[in-house]
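Hi,

Here is the structure I promised to pass on. Have a look at it first, and then read my notes below.

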Amino acid sequence: MLLESLLAYAHIVAILSVVVFLTSEAALCRAEWLNAAVVRRLARVDLIYLAAAIAVLLTGVARTWWGMKGTGWYWQQPLLHLKLTLFVVIGLISIKPTMSFTRWRKQLDATGALPDEAEVRSVRKLIMLEAHLLVLIPLAATLLARGVWTR
């Protein structure tokens, strides 16, 4: 029971870290607030967001592997596959913002130029899409934890 609790705790901390850093990206990525410091901070925050997402994935896999229910039960569950699919979709959506933040930082370092307003708004829309999809994962998780639609 202690291992199960520690695995759940690690997973929750990782999830909260993803939420914090995705929210930070959404807050910082605004055309009206963008300056050199924010461009650099966005690149740094995005790197931490990536690390937190990897931690979510690793702790989630650890829970299926070493948790009480085990891989045999978890990997048969459609809601787990829904959670993973949403996670992958969010990860794929996050590629463009990550590439944009890196390009913006390099452009800033090379020329001192900031990205144009339209691009910033476009990237922010993707970040907001990630955030809205992220909200669905805990719904699937709570249903799964309570045996709803399980096999």
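Asp109 counts as partly exposed, because its relative accessibility is 47%. Keep in mind that this is a predicted model. Asp109 forms a salt bridge with Arg105, and the closest N and O atoms are 3.8 Å apart. Both residues sit in helix 5, and because they are 4 residues apart there, about one helical turn separates them. Arg105 is also partly exposed, at 29% relative accessibility.

Helix 6 has a pair of its own. Glu117 and Arg121 meet through their side chains in a salt bridge, 2.6 Å from N to O. These two residues are 4 apart as well, about one turn of helix 6.

Another one joins Glu32 to Arg30, with 3.9 Å between the closest N and O atoms. Arg30 is partly exposed, given its relative accessibility of 27%.

Now for helix 6 as a whole. It runs over residues 117-134, which makes 18 residues, and it reaches 26 Å from its first C-alpha to its last, close to the 26 Å expected at 1.5 Å a residue. Which of its residues are buried? They are Glu119, Val120, Val123, Ile127, Glu130, Leu133 and Leu134. Looking down the axis of helix 6, you find these buried residues within an arc of 150 degrees, so they line one face of the helix. In general, an α-helix has 3.6 residues a turn, so residues three or four places apart point the same way. What does the buried side of helix 6 pack against? Its buried residues pack against helix 1 (2-28), helix 2, helix 4 (78-93), helix 5 (95-111) and helix 7 (136-145). On the face turned away from the buried side, helix 6 carries the exposed residues Ala118, Lys125 and His132.

Helix 7 is worth a stop too. Ala140 is found in this helix, and it counts as buried because its relative accessibility is 2%. Leaving aside neighbours within four places in sequence, Ala140 is in contact with Leu79, Leu82 and Lys83. From C-alpha to C-alpha, Ala140 and Leu16 are 16 Å apart in space, and in sequence they are 124 residues apart.

In the segment after helix 7 you will find Trp149. Its phi is near 60 degrees, a positive value in a residue other than glycine. For context, most residues other than glycine have a negative phi. Is Trp149 buried or exposed? It counts as exposed, because its relative accessibility is 61%.

Last, the surface. Leu47, Leu50, Ile54 and Leu58 make a nonpolar surface patch of about 410 Å². Leu47 belongs to helix 2 (residues 36-66), and with 56% relative accessibility it counts as exposed.

Cheers

Key:
Residues numbered from 1 in each chain as written. Predicted model: local features only at pLDDT ≥ 70, side-chain atom pairs only at ≥ 80, totals over all residues. Heavy atoms only, no water. Patch = residues over 30% accessible without salt bridge, like charges linked within 9 Å, V, L, I, M, F, W, Y side chains within 5 Å. Areas by Shrake-Rupley, 256 points an atom, 1.4 Å probe, with all protein chains shown as cover. Salt bridge = Lys/Arg side-chain N within 4 Å of Asp/Glu carboxyl O. Buried < 20%, exposed > 50% of the residue type's maximum accessible area, 1.4 Å probe, protein only. Expected span 1.5 Å × (residues − 1). Arc of directions from axis to C-beta. Contact = heavy atoms within 4.5 Å.
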